[in-house]
Amino acid sequence: MSQICRLFHVLESQQFSLDWIGEVFRVARQMREMRGSQDHPYANILDGKVMATLFYEPSTRTRFSFEMAMLRLGGQVVSTENAAVFSSAIKGETLEDTIRVVSDDESDVIVLRHPEAEWWKHRPATVSQLVPIINAGDGNNQHPTQSLTDFFTIQDKITYSTTDPLRIAMVGDLANGRTVRSLCYLLTKFARILIYFVSPPNAAMKDDIKAYLEEHNVSYFIKDNLQEVAPLVDVLYQTRIQKERGTDQYEFNSRKFTVTKMIAESMQEHAIIMHPLPRNDEITKEVDQDKRACYFQQAKNGLYIRMALLKMMLAPNV
């Protein structure tokens, strides 16, 4: 693997190069082929390695995905159920001290979810010099491994070329959804991307993302009715209301932002419906049967992306 494809920490989508993304996707496809095989050349490449997972916010898919990825590659996992409660944080220990201790305890990689946005910029001492850290979500800011999972899924399902725009609708709580922010940053790496932001005004995409898209010549439109946008796009990326971050649910009571069977059937035949999960009622259950729905495959792809990341970071020469 070339030096350009090496990263120490994975903190935000802006740091990814096209070469590096391509290498992650190539290895992820190899990991998908591996499935449950014990004869695959990657089956035990992380034997003797230890991953520490520190999740200060709730997680099911991301945490299990990382832990399963490590176990499938032959490594080991040390974890805490809820680091905000079941760790020394409850006693007042700082994040800096926790990372220092976990690093000194001879873990080989730390996977961290924390409610503070951009904790590595505001508190540089949190960035371990000893072992790599993977950001598994920082407040309402970013979720970089999810953005890789998302575009990997898009490439799997949609024939992307540089001659026709890839049209993506991002729907729901765009103000506080970290997955759509990370995906926007990632999309600026690619040519001919067109984004529709579909949300009520109180949950609109923030100005910093819009400014970043403009700086990188990515076109976007602001809309408030999913029914109008759904037939136009290749990808409909739905998100849930971030109640825990104070989003007012009132304006979402309108069906204008819900993916129903009618909305799904109005979409183009080749189009796909995505969701980072968990979902509430923003995608009705009947949509699960539509061939365009791929959010469960999207979740499964997260395992292969994280297996690829761990391989590249901990066993780059294998």
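At what angle do the axes of helix α1 (residues 18-34) and α10 cross, and within what distance do they come? The two axes come within 8 Å and cross at roughly 115°, with axes taken as lines fitted to C-alpha atoms, for helices over the stretch in contact, and angles running from 0 to 180 degrees between N-to-C directions. This is a predicted model, in which local features need pLDDT of at least 70 and side-chain atom pairs count only at pLDDT 80 or more, while totals for chains, interfaces and linings use all residues. Residues are numbered from 1 along each chain as its sequence is written, and side-chain values use heavy atoms, with hydrogens and water left out.

**The chain as a whole**

- The secondary structure of the chain comes to 10 helices and 9 strands, where helices (H or I, at least four residues) and strands (E, at least two) are DSSP runs numbered from the N terminus.
- Of the 318 residues of the chain, 56% count as buried; buried means under 20% relative accessible area, exposed means over 50%, and partly exposed lies in between (1.4 Å probe, protein chains only).
- Among contacts between residues at least 6 apart in sequence, 75% join residues at least 24 apart, a contact being heavy atoms within 4.5 Å.

- Helix α10 covers residues 295-314, and its 20 residues reach 29 Å from the first C-alpha to the last, close to the 28 Å expected, the expected span being 1.5 Å times one less than the number of residues.
- Because 16 of its 20 residues are buried, α10 is largely enclosed by the rest of the structure.
- The angle between the helices makes α1 roughly perpendicular to α10, on a scale where under 35 degrees counts as roughly parallel, over 145 as roughly antiparallel, 65 to 115 as roughly perpendicular and the rest as oblique.
- On the α1 side the contact includes W20, F25 and M31, and on the α10 side it includes Y304, L309 and M312.
- K300 is found in helix α10 and is partly exposed, with a relative accessible area of 44%.
- The C-alpha atoms of K300 and R32 are separated by 9.5 Å, although these residues are 268 apart along the chain.

**Aromatic pairs**

- The structure holds 8 aromatic pairs, counted when rings of Phe, Tyr and Trp (its six-membered ring) have centres within 6.5 Å, with planes under 30 degrees apart stacked, over 60 edge-to-face and the rest tilted.
- The rings of Y295 and F296 have centres 5.2 Å apart and planes at 65°, so this pair is edge-to-face.
- Y295 counts as buried at 1% relative accessibility, whereas F296 is partly exposed at 49%.

**Helices α5 and α6**

- Helix α6 (residues 178-187) is mostly covered, with 10 of its 10 residues buried.
- Helix α5 (residues 144-157) packs with α6 at an angle of about 65°, their axes lying 8 Å apart.
- Residues making this contact include P144, L148 and F151 of α5, together with T179, L183 and L187 of α6.

**Backbone features in loops**

- A cis peptide bond, with omega of about 5°, joins L277 and P278, and P278 has its place in the loop between β9 (272-274) and α10.
- E118, in the loop between β3 (109-114) and α4 (119-122), has a positive phi of about 50° although it is not a glycine, and it is partly exposed at 22% relative accessible area.
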